[in-house]
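Here is a briefing on one protein model. It takes helix packing, salt bridges and selected residues in turn.

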Amino acid sequence: MGEEGTGGTVHLLCLAASSGVPLFCRSSRGGASARQQLPFSVIGSLNGVHMFGQNLEVQLSSARTENTTVVWKSFHDSITLIVLSSEEGISELRLERLLQMVFGAMVLLVGLEELTNIRNVERLKKDLRASYCLIDSFLGDSELIGDLTQCVDCVIPPEGSLLQEALSGFAEATGTAFVSLVVSGRVVAATEGWWRLGTPEAVLLPWLVGSLPPQTARDYPVYLPHGSPTVPHRLLTLTLLPSLELCLLCGPSPPLSQLYPQLLERCWQPLLDPLRACLPLGPRALPSGFPLHTDILGLLLLHLELKRCLFTVEPLGDKEPSPEQRRRLLRNFYTLVTSTHFPPEPGPPEKTEDEVYQAQLPRACYLVLGTEEPGKGVRLVALQLGVRRLLLLLSPQSPSHGLRSLATHTLHALTPLL
């Protein structure tokens, strides 16, 4: 788990499983995404070794070289995704979840039928271009973390009950049960119907809205990978303020002209000040003035049952390390504790496991990077209580013997919010 440096280069390949024909290749370097094409010989070799294993009834899932980690994953015996990462120490869990999100994005914007019953490869290639913007946002240095945690990125507004009441009234007026308020790809408030959306669409929809270029209003066809993978719905988005959008998931009605601008202004104009207070919540996640210990450089709070999370690396202003490094540290630490220490998500171990083993499952762990000396390195601590898991990135001044106490106090303070 590295403390410094960039995230390395990521190459993502998508191929038709039966023919091996490449459908697209996307790459990122230093946080920027591009259409950097790998040599065809490399693509052919990576797909060939995977198909060779399948013919021998051997499932090749991952491999490591001196400076690259490769993960393969097939979906519905129709699409093969391959990801290569040069990031030092990157985990297979992280790359596997990346591939799950990428396939979810493909279904979201193209539909499962087109991916599992490929009639025209060239047409599919063209249709898949609609997913590039969303897929590239997974490859870059995103401020969100739902792609890894498989939980919805949320923020806590100062006047949440007021916004929730307005949202419910707007949903009733428009005749749809699926409405949410999204700031920079994070959910501010949502109706019960929206929260009942399954995985991965609950994560993908706000992420999609946050990744698209700004527009006053949109009428966007989407499929729901879990709930409706073959029948499209309409995703309507209405911009209330820059980066703050109202999202509706609906069928043929209502028409966009019914919502904008008359109904929109009538329902939301009186709430202009509470809406403005949501704008800084993008990177902060928590309301201004929320009491946090000054040693906290970043935090990730997960509600494993509700599948929601709070993630911020800017709780108390500017300090070293940089926000990009903090995000990378928390992502790597989440992967470490999820794959090695804590029970499988979404929470308690299965009842079939041995009772003695259950009693020995850890509930807290910490990691010191750099040195134990005060004032040097950084500290990371994870704590799980019931359905909540908290990860903290702490400054070098925080003593190791006080990490669990600080994490417990912070978790109790955050529990009423999520």
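## Helix packing: α5 and α9

In α5, residues C133, L134, S137 and F138 meet L204, W207, L208 and S211 of α9. Contact means heavy atoms within 4.5 Å. By class, this contact of α5 with α9 has 6 nonpolar, 2 polar and no charged residues. Ala, Val, Leu, Ile, Met, Phe, Trp, Tyr, Cys and Pro count as nonpolar, Asp, Glu, Lys and Arg as charged, and the others, Gly among them, as polar.

This is a predicted model: local features need pLDDT of at least 70, side-chain atom pairs count only at pLDDT 80 or more, and totals for chains, interfaces and linings use all residues. Residues are numbered from 1 along each chain as its sequence is written, and side-chain values use heavy atoms, with hydrogens and water left out.

**Overall make-up**

- The protein has 15 helices and 17 strands. Helices (H or I, at least four residues) and strands (E, at least two) are DSSP runs, numbered from the N terminus.
- The protein has 418 residues, of which 53% count as buried. Buried means under 20% relative accessible area, exposed over 50%, and partly exposed in between (1.4 Å probe, protein chains only).
- Among contacts in the protein with a separation of 6 or more, 61% come from residues 24 or more positions apart.

**Crossing helices**

- Two packed helices are described by the angle between their axes and the distance between the axes.
- Helix α5 spans residues 132-139 and helix α9 spans residues 201-211. Their axes come within 9 Å and cross at roughly 100°. Axes are lines fitted to C-alpha atoms, for helices over the stretch in contact, and angles run from 0 to 180 degrees between N-to-C directions.
- α5 and α9 are therefore roughly perpendicular to each other. Angles under 35 degrees count as roughly parallel, over 145 as roughly antiparallel, 65 to 115 as roughly perpendicular and the rest as oblique.
- Helix α2 (residues 92-110) and helix α13 (residues 323-340) have axes that come within 9 Å and cross at roughly 100°. This pair, too, is roughly perpendicular.
- On the α2 side, L93, R94 and R97 make the contact.
- The residues of the contact of α2 with α13 divide into 2 nonpolar, 4 polar and 3 charged.

**A kinked helix**

- Helix α10 (residues 256-268) has a kink of about 45°, centred on Q262. The bend at a residue is the angle between axes fitted to the seven residues ending there and the seven starting there.
- The buried residues of α10 are L259, L263, L264 and W268.
- Their cover includes α7 (160-174), β11, β12 (244-250) and α11 (272-276).

**Salt bridges**

- Side chains of opposite charge can pair when their charged atoms come close.
- The structure holds 13 salt bridges. A salt bridge is a side-chain nitrogen of Lys or Arg within 4 Å of a carboxyl oxygen of Asp or Glu.
- R119 and E113 pair through their side chains at 3.5 Å, N to O. R119 is exposed at 63% relative accessible area. E113 is partly exposed at 35%.
- E122 pairs with K125, and the closest N and O atoms are 3.5 Å apart. Both residues lie in helix α4 (residues 121-128), 3 residues apart, about one turn of the helix. E122 is exposed at 52% relative accessibility, whereas K125 is partly exposed at 22%.
- D219 and R234 meet in a salt bridge of 2.8 Å, N to O. D219 lies in strand β10 (residues 217-224) and R234 in strand β11 (residues 228-241), so the pair ties together parts that are 15 residues apart in sequence. D219 is partly exposed at 39%, whereas R234 is buried at 14%.
- Salt bridges that share partners also join D141, E324 and R327 into one network.

**Two single residues**

- S398 sits in the loop between β17 (388-394) and α15 (403-414). S398 is buried, at 3% relative accessibility.
- Not counting residues up to four places away in sequence, S398 touches D295, R379, L403 and L406.
- M51 is in helix α1 (residues 40-55). M51 is partly exposed, with a relative accessible area of 28%.
- Leaving aside neighbours within four places in sequence, M51 is in contact with A17 and S18. M51 and S18 are 33 residues apart in sequence and 9.2 Å apart in space, C-alpha to C-alpha.
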